[in-house]
Structures are given as C-alpha cells and as structure tokens.
Amino acid sequence: MVLALVATGLLAFGLWVHHMFATGLPRLGYAFYTAASMTVAIPSGIQIFCWIATMWSGRPRFAVPMLYVVGFIITFVIGGLSGVMVASVPLDLQMHDTYFVVAHFHYVLIGGAVFPLLGVVTYWFPKITGRMMSERLGRWGFGLLFAAFNLTFMPMHWTGLMGMPRRVYTYPAGMGWDVLNLVSTIGA
C-alpha cells in the first residue's frame, strides 16, 4: 500500500500533462505522458484492492460512515476508468472540451474528496461533540446524495461521447442530448 502511494505520487509528475494534450505539446512527449497517465491505474488499483481487502477481512458495520467509504470507492473507480480513457491521446483530443471531461473530473474529485470527507464528518462528529447523529437521516442523506450524484454526472459521459461541448450556455434542440440533459438536471 505504501509503495502504491509512493508510485502514485511519482507518476503524478507526468500524469497532470494529460490535461494539456490539446494545447499543442510536442508529439514526442505524448508517449511519455500517456504512459504515465495509464500506468497510474496500477498503483491506484492496488490501493483499491487493499481497501476492499481491509473491509473484507474485517467485520464492517454498514453504518453511515462506511456507506460513504463504499460510495467513495465506487465513484473513484468510475472516475479512474474514465481517466484511463482520456489518457489516450486520440480519445482525449476527441473528448477534450466535452461533457465527458466534466463527468470524469467530478467522479474523481467528488468521489475522491467529498464522499470520504462526509464519511469522516459522520464518523467523528459524535466523538467531537458528544452528540449522536440520526442513523436513519444519515442513510437517507447518503442515499440521496449518491443517487443524485450518479444521476447528474453519469449521463454526462454519454453526452460527451456524443460530442456535447462544455462552456456553451445553450444548445439547439434535436441534437440527441435532450433526454440525457433532463436526467442530469433532475439529478442536480
């Protein structure tokens, strides 16, 4: 696990450049940055399997904090899989500035930061304040957040693959994005 974390940190020095593929980088660098962007899946996968093995060999209680941990793993894996896709230069050039990138970004950052943070808050709040939180309300909160998050951002993968550009304030009707955008709006 420690070596996987170190490897992720080292690969990150070349990983971030996959955000710059469409800026006119020298072609020689594409291979290096693509390799770093795809290779980071190996230590990330090791970390994910370590987390799952830790839960598997323990006696997990699926209280609200653990639900956020499971939600984190699911969303982070989806974000990682879409990240491997945009690590490929030809795919990245096609999907750059589409909603696919918006979906990937949110799955990695929200999945990687917000879900664990909410798990930490729900775990430590009673220990810090001496007041218990409602388990039932916590489950409802997690369920609504997880469902709404996936309902908002999962369709963006498909609209991005269909070519829907980001940073446009309105789109003409009949482009095939209407239903997916409605689903995303309902999720939001």
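The model is a predicted one, in which local features need pLDDT of at least 70 and side-chain atom pairs count only at pLDDT 80 or more, while totals for chains, interfaces and linings use all residues. Residues are numbered from 1 along each chain as its sequence is written, and side-chain values use heavy atoms, with hydrogens and water left out.

The largest nonpolar core has 17 residues, of which Tyr68, Tyr99, Phe115, Phe142, Phe149, Phe153 and Met156 touch the most other members. A nonpolar core here is a set of buried Ala, Val, Leu, Ile, Met, Phe, Trp, Tyr and Cys residues joined through side-chain atoms within 4.5 Å; buried means under 20% relative accessible area, exposed over 50%, and partly exposed in between (1.4 Å probe, protein chains only). Two or more residues of this core come from each of α4, α6 (99–129) and α7 (135–161). Helices are DSSP runs (H or I, at least four residues), numbered from the N terminus. Beyond its neighbours within four places in sequence, Phe115 is in contact (heavy atoms within 4.5 Å) with Tyr68, Gly71, Phe72, Thr75, Ile110, Phe142, Leu145, Phe146 and Phe149.

Next come the charged pairs. The model holds 3 salt bridges, each defined as a side-chain nitrogen of Lys or Arg within 4 Å of a carboxyl oxygen of Asp or Glu. In one of them, Asp97 pairs with Arg166, with the closest N and O atoms 3.1 Å apart. Asp97 sits in the loop between α5 (89–95) and α6 and Arg166 in the loop between α7 and α8 (178–187), so this pair ties together parts that are 69 residues apart in sequence. Asp97 also meets Arg167 in a salt bridge at 2.7 Å, N to O; Arg167 lies in the loop between α7 and α8, so parts 70 residues apart in sequence are tied together. Arg167 counts as exposed at 66% relative accessibility. A further bridge joins Glu135 to Arg139 at 3.5 Å between the closest N and O atoms; both residues lie in helix α7, 4 residues apart, about one turn of the helix. Through shared partners, salt bridges link Asp97, Arg166 and Arg167 into one network.

Finally, the surface. Phe32, in helix α2 (residues 27–39), counts as exposed at 53% relative accessibility. Met85, found in helix α4 (residues 64–87), is partly exposed, with a relative accessible area of 33%.
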